Amino acid sequence: MKIATALLLILSLAGCASTSLPWKNPDVPKDQWSGDYSRCRRYADRDVGWREDDSATGSPFREYDRQQAKKRYDSSLASCMTDLGYVPASRTKE
């Protein structure tokens, strides 16, 4: 019982800590924003599909590959969020 209570407390605090998202959509409830953002992050992760390989240490192309993968990831995430009607939070007024 103590473990369940502790787990519930941790999850509650984690939910409060992640209230700031880089995307906003005035047409959907705020409690849906986090779920949509998580779904789009998973989509972008699958879409890019690049993983850093530890065996590639010393490769001169490793940093370039990582930067290119990050650009593709960010683009895929932005496309997903835009398709759902979200806009970057920096473009909206509170």
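In helix α3, the buried residues are Arg62, Ala69, Ser76, Leu77, Cys80 and Met81, and because they cover an arc of only 130 degrees around the axis, they lie on the same side of α3. The model described here is a predicted one, and its chain is built from 3 helices and 2 strands, which follow the pattern α-β-α-α-β when read along the sequence. A disulfide between cysteine 40 and cysteine 80 ties together parts that are 40 residues apart in sequence, since cysteine 40 lies in helix α2 and cysteine 80 in helix α3.

**Helix α3 and its surroundings**

- Helix α3 runs over residues 62-83, and its 22 residues reach 31 Å from the first C-alpha to the last, which is close to the 32 Å expected at 1.5 Å a residue.
- The cover over the buried residues of α3 includes β1 and α2.
- As a general point, an α-helix has 3.6 residues a turn, so residues three or four places apart point the same way.
- Glutamine 68 is also found in helix α3, but with a relative accessible area of 23% it is partly exposed, because the limit for a buried residue is under 20%.
- The C-alpha atom of glutamine 68 is separated by 9.7 Å from that of tryptophan 50, a residue 18 residues apart from it along the chain.
- Just after α3 comes glycine 85, which takes a positive phi of about 95 degrees.

**The disulfide**

- A search of the whole structure finds 1 disulfide, and the sulfur atoms of cysteine 40 and cysteine 80, which form it, are 2.0 Å apart.
- The link of cysteine 40 and cysteine 80 is left-handed, with -70 degrees about the S-S bond.
- Both cysteine 40 and cysteine 80 are buried.
- When neighbours within four places in sequence are left aside, cysteine 80 is in contact with Tyr43 as well as with Cys40.

**The nonpolar core**

- The largest nonpolar core has 10 residues, namely Leu21, Trp23, Trp33, Tyr37, Cys40, Ala44, Leu77, Cys80, Met81 and Tyr86.
- Two or more residues of this core are given by each of the elements α2 and α3, and the largest share, 4 residues, comes from α2.
- Both partners of the disulfide, cysteine 40 and cysteine 80, are among the residues of this core.

**Asparagine 25**

- Asparagine 25 lies in the loop between β1 (23-24) and α2 (30-48), and it counts as buried because its relative accessibility is 2%.

**Confidence and the chain as a whole**

- The mean pLDDT of the chain is 79, and 67% of its residues reach 70 or more.
- Among the elements of the chain, α2 has the highest mean pLDDT (95), whereas helix α1 (residues 2-17) has the lowest (49).
- Of the 94 residues in the chain, 19% are buried.
- Among contacts between residues at least 6 apart in sequence, 70% join residues at least 24 apart.

How values were computed: Residues numbered from 1 in each chain as written. Predicted model: local features only at pLDDT ≥ 70, side-chain atom pairs only at ≥ 80, totals over all residues. Heavy atoms only, no water. Buried < 20%, exposed > 50% of the residue type's maximum accessible area, 1.4 Å probe, protein only. Expected span 1.5 Å × (residues − 1). Arc of directions from axis to C-beta. Contact = heavy atoms within 4.5 Å. Core = buried A, V, L, I, M, F, W, Y, C linked by side-chain atoms within 4.5 Å. pLDDT = per-residue confidence, 0-100. Disulfide = S-S within 2.5 Å.
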